[in-house]
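Subject: Structure handover and notes

Hello,

Here is the structure I promised you. Please open it alongside this message.

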Amino acid sequence: MTSVSQLTDVKPTDWAFQALRSLVERYGCIVGYPDKTFRGNRALTRYEFAAGLNACLDKIQELIAAATADFLKKDDLEVVKRLQEEFATELAALRGRVEALEVRTATLEKQQFSPTTKLTGEAIFTIADTFGDVVGQSDDSTEAIFAYRARLNFNTSFTGKDQLRIRLQGRNVPEFNRAITGTNMTRLSFDGDSGGNVGIDDLFYRFPIGSKTTAWLIANGYGTENLAPSLNPLESDGQGAVSRFARFSPIYRIVEGAGFGLAHKFTDAIELTVAYRARNANNPAEKNGLFDGNYGAFSQLTFNLSQDFRFGLHYANVYFPGSNVNVSGGTGSLFAQRPFGNVATLTNTYGAVASYRFSPKFILSGWVGYTDAEARSGINRGGDASIWNWLVSLAFPDLGSKGALAGISVGMPPRAAENDVRTRRDRDVSIHLEAFYRYRVTDNISITPGLFVIFNPEHNSANNTQLVGLIRTTFSF
């Protein structure tokens with residue numbers, strides 16, 4: 001700065017204005033902070049004063065070297081001399097700190113992973129087992145397992161406001177699904193088995209458009225629950241819910257694959273999110289591609305009414321061309337997943353999510369969802385089915401210790417309540433009951449014992465109750 005007028009918080013009427021003008025315009029020191037503020041009313045440490053004094057001394061030495069000593073007053077030099085003697089210790093310490101900081105900075109620059117990329121990671125070790133008769137059988141055929149999931153996230157920012165993420169993942173956690181227990185209702189929150197092979201799990205680029213809009217280009221992975229808030233404090237699969245169903249509404253799972261998303265804030269209280277995604281976007285064959293295959297269009301209007309109360313209304317239009325039909329996102333009953341079998345199916349899904357924080361240590365949240373499914377091919381072409389699901393969760397942050405989290409969830413997994421194909425209608429009701437407690441050992445290690453119970457699995461009262469228990473240890477960095 002060359003003028004005191006460049007300081008945004010200093011006015012000509014201020015009592016110290018003339019003194020500041022002399023220091024800034026005459027000696028070029030005590031010029032304020034990088035944001036062009038002087039902050040004249042805050043306390044000053046001796047180190048800060050020493051830094052300012054050092055700047056003045058450097059300027060005076062420049063003036064003397066330039067043979068402009070006449071510009072300096074004798075009284076000023078006497079004052080500076082006394083100050084230099086008074087703050088000799090601080091000046092020496094300051095120079096030492098600056099030199100040490102320069103060494104550390106040089107070392108970091110040599111050793112840093114990347115100037116634009118931050119590396120984070122997570123590893124999950126789990127011991128888990130299911131208890132109870134397999135659906136349709138009279139015995140429990142599963143054994144206890146020990147499995148893992150490991151992730152490395154490379155988060156890159158080119159402007160400071162955007163993000164390119166590449167996530168590498170390897171895992172061998174078996175799915176406690178229909179092939180093992182007779183139902184998808186027993187699946188874990190972090191399941192999936194790649195045989196230990198590492199692949200790209202997330203690949204997307206997020207960037208701002210103006211000051212109120214955010215855009216995503218998604219090439220792989222990255223669930224829709226990350227575009228629009230699910231409003232469930234138990235959402236995390238590594239730190240929260242232990243079951244697949246209790247993480248978030250199934251509506252977020254049925255809109256998957258490559259595509260794009262937009263989120264626009266109308267105000268601080270109202271935000272609209274829209275997305276279009278296709279599971280086989282990279283396949284040029286018929287009934288595939290970006291627009292001719294399994295696509296999903298999603299929208300959510302989120303209302304942030306206060307710091308404690310938030311709710312959202314969402315809608316999804318999804319088409320399954322006749323293979324891998326998964327109306328319920330891998331949760332719920334077989335009839336909810338494929339109400340007409342593995343035939344072309346069009347769905348319209350509506351739902352609501354909400355969260356209310358009664359206190360910093362108690363949060364109530366939940367959702368309700370309804371899907372209208374229509375058969376578009378096969379002998380049941382034109383048939384309709386109505387599928388419902390709901391869940392209520394209680395979260396207790398910092399229960400017992402700092403960083404701990406206790407969670408309780410109760411709900412109904414997706415159920416085909418009505419179906420024109422009467423042989424594929426769920427006649428009873430399953431109830432999902434879950435509880436877990438996450439204990440934070442350190443900032444980077446947590447241990448979570450948890451269990452969930454399925455009453456009337458597959459919405460059939462003839463099936464015996466099933467229970468899933470586990471201990472999940474999560475390492476993060």
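My notes follow, grouped by region.

First, the ground rules. This is a predicted model: local features need pLDDT of at least 70, side-chain atom pairs count only at pLDDT 80 or more, and totals for chains, interfaces and linings use all residues. Residues are numbered from 1 along each chain as its sequence is written, and side-chain values use heavy atoms, with hydrogens and water left out.

**Cores**

The largest nonpolar core has 48 residues. By nonpolar core I mean a set of buried Ala, Val, Leu, Ile, Met, Phe, Trp, Tyr and Cys residues joined through side-chain atoms within 4.5 Å. Buried means under 20% relative accessible area, exposed over 50%, and partly exposed in between (1.4 Å probe, protein chains only). The members that touch the most other members are L188, W216, Y252, F298 and A316. Leaving out residues up to four places away in sequence, W216 touches F204, Y205, R206, Y222, N226, L227, G259, F260, G261, L262 and A263. Contact here means heavy atoms within 4.5 Å. Apart from that core lies another, of 6 residues, including A50, L53, L91 and L94.

**Aromatic rings**

There are 21 aromatic pairs in the structure. Rings of Phe, Tyr and Trp (its six-membered ring) pair if their centres lie within 6.5 Å; planes under 30 degrees apart count as stacked, over 60 as edge-to-face and the rest as tilted. F362 and F396 are stacked, at 5.4 Å centre to centre with 20° between the planes. F362 lies in strand β12 (residues 362-375) and F396 in strand β13 (residues 384-397), so this pair ties together parts that are 34 residues apart in sequence. Strands and helices are DSSP runs, numbered from the N terminus (helices H or I, at least four residues; strands E, at least two). F362 is partly exposed, at 25% relative accessibility. F396 is partly exposed too, at 22%. Ring pairs also link both into a cluster with F303, F309, F311, Y356 and F358.

Strand β1 (residues 117-131) runs antiparallel to strand β2 (residues 145-156), and 12 bridges join them. Two strands pair if DSSP finds at least two bridges between them. L119 stands opposite F154 in β2. Strand β3 (residues 163-173) pairs with β2 over 8 bridges, also in the antiparallel sense. There, L152 faces L168 in β3. The hairpin of β2 and β3 has 6 residues between the strands, and G160 in it takes a positive phi near 95°.

Strands β15 (residues 431-440) and β16 (residues 445-455) run antiparallel, joined by 8 bridges. I431 stands opposite F455 in β16. The hairpin that joins β15 to β16 has 4 residues. β16 then pairs with strand β17 (residues 466-476) over 10 bridges, in the antiparallel sense. F452 has V468 in β17 as its bridge partner.

T474 also lies in β17. T474 counts as buried, at 0% relative accessibility. A polar atom of the T474 side chain lies 2.7 Å from the backbone oxygen of G238. Beyond four places in sequence, T474 touches E122, A123, I124, G238, Q239, N444, I445 and S446.

K287 has a phi near 65°, a positive value in a residue other than glycine. K287 lies in the loop between β8 (270-278) and β9 (295-304), and is partly exposed at 43%. N456 has a positive phi of about 55° and is not a glycine either. N456 is in the loop between β16 and β17, and is partly exposed at 25%.

T8 lies in the segment before α1 (17-27). T8 is exposed, with a relative accessible area of 57%. T8 touches K36 and T37, not counting residues up to four places away in sequence. The C-alpha atoms of T8 and F38 are 7.7 Å apart, across 30 residues of chain. In α1, the buried residues are F17, L20, V24 and Y27. G28 follows α1, with a positive phi near 65°.

Best wishes

Terms used. Polar contact = N/O pair within 3.5 Å; in protein donor to acceptor, adjacent residues only side chain to side chain.
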